Each structure stands twice: as C-alpha cells, then as structure tokens.
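Open the model and keep it in view.

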Amino acid sequence: MTALSPVLKQATPVTVDHGAGCYLYATDGRRYLDFTAGIGVTSTGHCHPKVVEAAQRQVGTLIHGQYTTVMHQPMLRLTERLGDVLPAGLDSVFYANSGSEAVEAALRLVRQATGRPNVVVFHGGFHGRTVAAATMTTSGTRFSAGFSPLMAGVHVAPFPTAFRYGWSEEEATDFALRELDYLLTTLSAPAETAAFIVEPVLGEGGYIPGNTRFFQGLRERADRHGILLVFDEIQTGFGRTGKFFGHQHFDVRPDVITIAKGLASGFPLSGIAASSELMAKAWPGSQGGTYGGNAVACAAALATIDVIESEGLVDNAAERGRQLLAGARSRATKAVGDVRGLGLLVGTEFTTPTGEPDTATASTAQRLAHEKGLLLLTCGAYSNVVRMIPPLIVTAEQVDEALDIWSAVLDEL
C-alpha cells in the first residue's frame, strides 16, 4: 500500500473535508477556526465565491498554456493588474510556481544583472527549501541539513532581533548595521556583493518585524555600493501586514520583490517583480518553466486582488491585526517571553523561567489549541513561537473567538 513519506510531519491530526471562509470542516464533522491560512496562503479565506467562480470559469476555457510557447489572457490581464498594486518602478514580472522558485529567480537575476557572485542574507530569514534558497535560509538547520555541499557565495548578517539579544530595538539595530559594515569589510567586498535579500518580517524565524532605520540603512548601503535590495514578500505580501507589501511600513524602496502565498488564494503561483531596466539584464533563456503563470492560477490571482481591494482587506488586516496583537499580549502568562507581530502575523514566544526557549510548552499550546477548535502553527529556530495567521477576511468576532480559545489554552498550561 502506498503512503505519504514518513518525513512529512503533520502539525495537527485533522483531516479536512471542506473549508469556508475562516473555518475548516473535518471529515468527522468538527469545525475548526483556521488561524494558519495554509501558512499565509488563503488570504481571501477558504473557497471565496469570487475566487471559486473565476477558477471554475477558467478551467472550462484553458487549463494550461505554457507561457514560453503561447501567451494567454489570464496571465496578460494579471500582469497588467499587478501594475496597480506593485511598488512604483517595479514594472516587469516573471512568474513561477513556488516561493523557493521565486527566490532562486531573484538570485539569478541579481547575479546576472550585477556580475557579482555574492549575496548577503539576514540571520533568521527563511527563503525556501531548494538548494540555493535553503542556503540562504537561516531560520533553522532543518531546512538545509543533510544535503551539503550547499551553494557558495552566501553571507549572513544579523537581523535586529531585539528580544533574542536582550537589547532595545535601537541597540539591536545599531549592532545589525555595524556588523553588516564589518561583513562588507571582512567577508564580501561591496564590489563582489550583488544583493541584500531580506524579509520585512522574519517568518519561520519567529514573526519578528524589522524596523525603519534598519531597512533604510540597508537601502543607503545598497545605493552607496551599487548593491541591489531584494525584499522577500512571499509571506508578507498581498495585505498580510496591513499594507499591500510589508516593506511599505518602512518607507524604503526595493529593487526586486519576490511574491507567492497570498497572491492566488491557494493556487500555486509565485513570481518576482523588478524594473524593466533591471529585468532586461537577465540573460536570455535564464527565465522559464513548465507551469509558471498557469492560466487557472492567474485567473484566481486576478479574483484575489479584486477581492482584497473591493472588500478592504488590507485595512481589515491592519485593524484586526492590532486587535489580535493587543489581545495576545493582554493574555500572556509567565510562560510567555514575548508577543510581537505586524498586521495578521502575530507570534507568541514561550520561554522558561530563566529565559531559555521553551519548545515543549509551545508544542503543548499548539496541540491544546487544535483540541479546542483553533488551528495554529509554530515557528522560530527552536519551534517555541506559536503563530497566528488568519485569513485577511477575519472578523472582529472571529479574532475574539480565537483569543478566548487561546486564553483557555494558556490557563491550562
């Protein structure tokens, strides 16, 4: 009998029959409030009627039109529509399927465009599981261990993770920028550094937002040395943080962004965006793929963007995010070392009385939550952070429902 790989570890024992909005319904009939959103993917909720209708209509017209062979209307319309929401100046798009593919496409672009071999990533970042993306991932060794040698040319600088260092945000930012300058002096000369690649909010690294002075410091150094600035917006894009893109909180201009997850409400679609001038520096034949820009996924993405805008979901993410963060903070117990987040990315970090990471308690909290009807995930280097990632359609009442369950979980710990 064939079975799934035993290495695939399930976060919950739930087997889903169907989903609707913020809820998943198991095969045993039980309803769960889903604050995982497929790891930030189902931005418009499960089976939003407008997304379903767009995908169903497209399936009856064209399922697959390989986009280096023929063009198709859903991809052309999506490319035009993205011009309404992408940061100014990023007017050229390449499509792929997964976040890892988007990151690898961005890496290839910045190396080819600059002729420089190295990139700098930031400690705690997650960029994917394929070889290059895993090399750039430092949120945990589980993503890169066991298949060395990894890719050369990747250097790691600190991210301003104030809680981990035990410093103020100002102190952590001073340290991070100072160490970046030291790295450029000792490990990767600016003339050999193609790009800084960074998440606006560390995702798998523990839901740690960056800050304006740090990101503007990256921009200043990039401009000074001819280095490109790449924001990995795979988890933070499409309204998740309460802005359309996470970097927009920090008044900083990217040269490239990577997109995926919430773009198509669950259909596999990713991409990179850059200026036409920069994208033209990619080598001929260096971009392509069999399934990138799939017609059904593009139709779903068009519907997703329309829903995000027509239903005011970016503003809703900001408002509900403030409610969720404040509620999680107010319910924190002695087992909780820190509660942080931005928009609908909220993480609760569990620590021991001596301040060490408490993986066991985080795991127990996540398990108790699903037993009480709330689906959550963990993250962080030690998997000691429980994260809340509801769909952007979440209501105030559903946030309160989740917080009531979370409060009961913390009381039971």
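**Reading the fold**

Asn 211 counts as buried, at 9% relative accessibility. Buried means under 20% relative accessible area, exposed means over 50%, and partly exposed lies in between (1.4 Å probe, protein chains only). This is a predicted model: local features need pLDDT of at least 70, side-chain atom pairs count only at pLDDT 80 or more, and totals for chains, interfaces and linings use all residues. Residues are numbered from 1 along each chain as its sequence is written, and side-chain values use heavy atoms, with hydrogens and water left out.

Q: Where is the place of Asn 211?
A: Helices (H or I, at least four residues) and strands (E, at least two) are DSSP runs, numbered from the N terminus. Asn 211 sits in the loop between strand E9 (208-209) and helix H8 (212-225).

Q: Which residues does Asn 211 touch, not counting those up to four places away in sequence?
A: Contact means heavy atoms within 4.5 Å. Pro 160 is 51 residues from Asn 211 in sequence, yet their C-alpha atoms are 8.2 Å apart in space. The residues touched are Pro 160, Glu 169, Thr 173 and Phe 250.

Q: How many Å separate the backbone nitrogen of Phe 214 from a polar atom of the side chain of Asn 211?
A: The side chain of Asn 211 also has a polar atom 3.2 Å from the backbone nitrogen of Arg 213. For the backbone nitrogen of Phe 214, the distance is 2.9 Å.

Q: Is Arg 387 buried or exposed?
A: Arg 387 is found in strand E17 (residues 385-388). Its relative accessible area is 3%, so Arg 387 is buried.

Q: Which side chain does a polar contact of 3.0 Å join to that of Arg 387?
A: A polar contact is a pair of N or O atoms within 3.5 Å; within protein, one must be able to donate a hydrogen and the other to accept it, and residues adjacent in sequence count only if both atoms are side-chain atoms. Leaving aside neighbours within four places in sequence, Arg 387 is in contact with residues including Phe 35, Tyr 207 and Gln 235. The polar contact of 3.0 Å is with the side chain of Glu 204.

Q: What kind of aromatic pair do Tyr 165 and Phe 175 form?
A: The structure holds 16 aromatic pairs. Rings of Phe, Tyr and Trp (its six-membered ring) pair if their centres lie within 6.5 Å; planes under 30 degrees apart count as stacked, over 60 as edge-to-face and the rest as tilted. Tyr 165 and Phe 175 are 5.3 Å centre to centre with 70 degrees between the planes, which is edge-to-face.

Q: Which helices hold Tyr 165 and Phe 175?
A: The pair ties together parts that are 10 residues apart in sequence, because Tyr 165 lies in H6 (residues 162-165) and Phe 175 in H7 (residues 169-186). The helices are H6 and H7.

Q: What is the radius of gyration of the chain?
A: The radius of gyration is taken over C-alpha atoms, and the globule rule is 2.2 Å times the number of residues to the power 0.38. With 413 residues, a compact globule would have a value near 22 Å. The chain agrees with this, at 21 Å.

Q: How many helices and strands does the chain have?
A: Of the 413 residues of the chain, 57% count as buried. The chain has 13 helices and 17 strands.
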